[in-house]
Amino acid sequence: GALLASACQAITYDELQSLTYLQVKGTGIANTCPIVDVDSDAKVPAGSYKMEKFCMEPTSFTVKDEKATDFIKTRLMTRLTYTLDQMSADFKVNSDGTVELVEKDGIDYAPVTVQMPGGERVPFLFTIKQLNAKGKYNGFGGDFVVPSYRGSSFLDPKGRGASTGYDNAVALPAADQEELETENAKSAAALKGSAVFSIAKYNPATGEVAGVFESIQPSDTDLGAKAPKDIKVTGLWYGQI
């Protein structure tokens, strides 16, 4: 995987709240989700809940190349800022034990770059925006929206953008513009990803839930200029209901 083992600094929500800014600064703790330190096998009772402090901490990023059949391990290039946190969601447990989770708001995207073994760098927007997951208690999943890595007003080195800038490379008027079509016609359209979650722990006293997740989403397309790669993100999640 791409990431540092954060198990050595796995701490509960209350322990995290008791730390000062200087105790957290520079340690990487701010990039982790709290753990639920409880031994009970309690299940979340049926009902509709508001989930707060919903947090997703990746523990590995792997990339599927066009040529490869399986996902390849990568090396993290960006700093420890990839955890999604402070999200809110509607969480529902039905009487038959099925679960529904709809993500609403919060810090629900994080730009990340990983490097593949050959040296190629793959930027992507790790996100879970508008996730609508349904399914069994130990495996509920659904689709989410992956916004464009760059905004529509981003200008490339030739001054071309989706909603502003030149509409072709001014220095290359004689070049075959059809060949440059994907570079000229910028697209900031959103793509789709999918994720599966399972619940491993629930603390009835505090309403904390935690478990593991796996998501597969597309990488950056350079505003439509190149085909996205598939990114598989696995990790831990936490929430309070």
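Arg 150 lies over the face of Phe 154, 4.1 Å from the ring centre. A charge counts as sitting over a ring if NZ of Lys or CZ of Arg is within 6 Å of the ring centre and within 35 degrees of the ring normal.

The model is predicted: local features need pLDDT of at least 70, side-chain atom pairs count only at pLDDT 80 or more, and totals for chains, interfaces and linings use all residues. Residues are numbered from 1 along each chain as its sequence is written, and side-chain values use heavy atoms, with hydrogens and water left out.

Now the rings themselves. A search of the whole structure gives 13 aromatic pairs. Rings of Phe, Tyr and Trp (its six-membered ring) pair if their centres lie within 6.5 Å; planes under 30 degrees apart are stacked, over 60 edge-to-face, the rest tilted.

Phe 54 and Trp 237 pair edge-to-face, with 5.9 Å between centres and 85° between planes. Phe 54 lies in strand β1 (residues 47-64) and Trp 237 in strand β12 (residues 230-240), so this pair ties together parts 183 residues apart in sequence. Strands are DSSP runs (E, at least two residues), numbered from the N terminus. Both Phe 54 and Trp 237 are buried, meaning under 20% relative accessible area (1.4 Å probe, protein chains only).

Phe 61 and Phe 126 have ring centres 6.3 Å apart and planes at 70°, so they are edge-to-face. Phe 61 lies in strand β1 and Phe 126 in strand β7 (residues 121-127), so the pair ties together parts 65 residues apart in sequence. Both Phe 61 and Phe 126 are buried.

Conventions:
Helices (H or I, at least four residues) and strands (E, at least two) are DSSP runs, numbered from the N terminus. Buried means under 20% relative accessible area, exposed over 50%, partly exposed in between (1.4 Å probe, protein chains only).
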